[in-house]
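Trainee: I'd like to take a close look at one part of this model. Could you walk me through it and then show me how it sits in the rest of the chain?

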Amino acid sequence: MGFLSILSFAHAIVGERVRSGDVVVDATMGNGHDTLFLAGLVGDGGHVYAFDVQPAALAATQARLAAAGVPAARYTLLLRDHAELADALPTDARGAVAAAMFNLGYLPGADHAVTTQPATTLRALDAALATLRVGGALCAVVYPGHPGGAEEAAAVEAWAAALEPERWQAVTYRFLNPRNPPPYVVAVEKRK
Ligand SMILES: C[S@@+](CC[C@H](N)C(=O)[O-])C[C@H]1O[C@@H](n2cnc3c(N)ncnc32)[C@H](O)[C@@H]1O
């Protein structure tokens with residue numbers, strides 16, 4: 001049967017914590033797979049705030065959500081750097097977010113030079129943690145296999161490892177013996 005794939009594990013962590021009516025964040029919407037997943041979890045009473053810096057990502061995500069019949073009231077697609085997350089979310093979302101998903105790297109099928117960067121990623125991770133409710137989780141999939149990806153993955157891991165253990169629980173989930181550096185999960189739950 002094998003272990004859960006990296007993306008299935010990320011979805012399991014988030015799926016266990018998000019209920020109908022919740023507010024959630026997709027910090028890297030890309031082609032919208034995670035935005036659609038989150039929109040299904042939160043239902044009509046909930047809301048997904050999704051970020052990307054590329055218009056092509058917003059177009060692809062909008063098309064995916066529309067094709068799946070997701071009502072427009074359930075999501076906000078922001079053409080904005082996720083480092084601006086704190087300013088972009090409504091004030092009542094602060095401390096109320098059930099889950100924040102990050103899927104780092106570049107947009108598949110687009111310019112591979114447009115990729116997440118450690119400095120803005122770390123700012124966005126900090127901002128996302130500040131929005132979480134108790135019991136909520138941040139889940140990042142990191143990609144050490146592309147140029148710059150190993151440095152970014154190491155920075156995210158070091159960031160999570162340095163979080164105060166009384167307030168945050170941080171884990172990784174990764175395959176140890178693939179031939180090439182594989183993506184892996186860094187996740188954090190807010191304990192109190
Ligand atoms: C691996 S893709 C995300 C895949 C997506 N989760 C999906 O389901 O299709 C990473 C995305 O992050 C976006 N990105 C890069 N830098 C960003 C930033 N500073 N803020 C927000 N998004 C960014 C890229 O444009 C790209 O679309």
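This is a predicted model: local features need pLDDT of at least 70, side-chain atom pairs count only at pLDDT 80 or more; totals for chains, interfaces and linings use all residues.

What span should the 13 residues of helix H3 (residues 55–67) have at 1.5 Å a residue, and how far apart are its end C-alpha atoms?

Mentor: At 1.5 Å a residue, H3 should span 18 Å, and its end C-alpha atoms are 18 Å apart, so the two agree. Now look at which way the helix faces. Ala57, Ala60, Thr61 and Leu65 are the buried residues of H3. Because they cover an arc of only 130 degrees around the axis, they sit on the same side of H3. Turn to the face pointing away from that buried side and you'll find the exposed residues Pro55, Ala63, Ala66 and Ala67.

What does the buried side touch? Its residues pack against H2, E2 and strand E3 (75–79). Once you're past the end of H3, look for glycine 69, which has a positive phi, near 75 degrees.

Now zoom out. The chain has 6 helices and 7 strands, in the order α-β-α-β-α-β-α-β-α-β-α-β-β. Its radius of gyration is 15 Å, close to the 16 Å that the globule rule gives for 192 residues, so the chain is as compact as a globular protein of that length. Of those 192 residues, 41% count as buried.

Methods:
Residues are numbered from 1 along each chain as its sequence is written. Helices (H or I, at least four residues) and strands (E, at least two) are DSSP runs, numbered from the N terminus. The expected span of a helix is 1.5 Å times one less than its number of residues. A residue is buried if 20 or more other C-beta atoms lie within 10 Å of its own, exposed if 12 or fewer, and partly exposed in between; C-beta atoms are placed from the backbone. The arc is that of the directions from the helix axis to the C-beta atoms. Two residues are in contact if their C-beta atoms, placed from the backbone, lie within 7 Å. The radius of gyration is taken over C-alpha atoms; the globule rule is 2.2 Å times the number of residues to the power 0.38.
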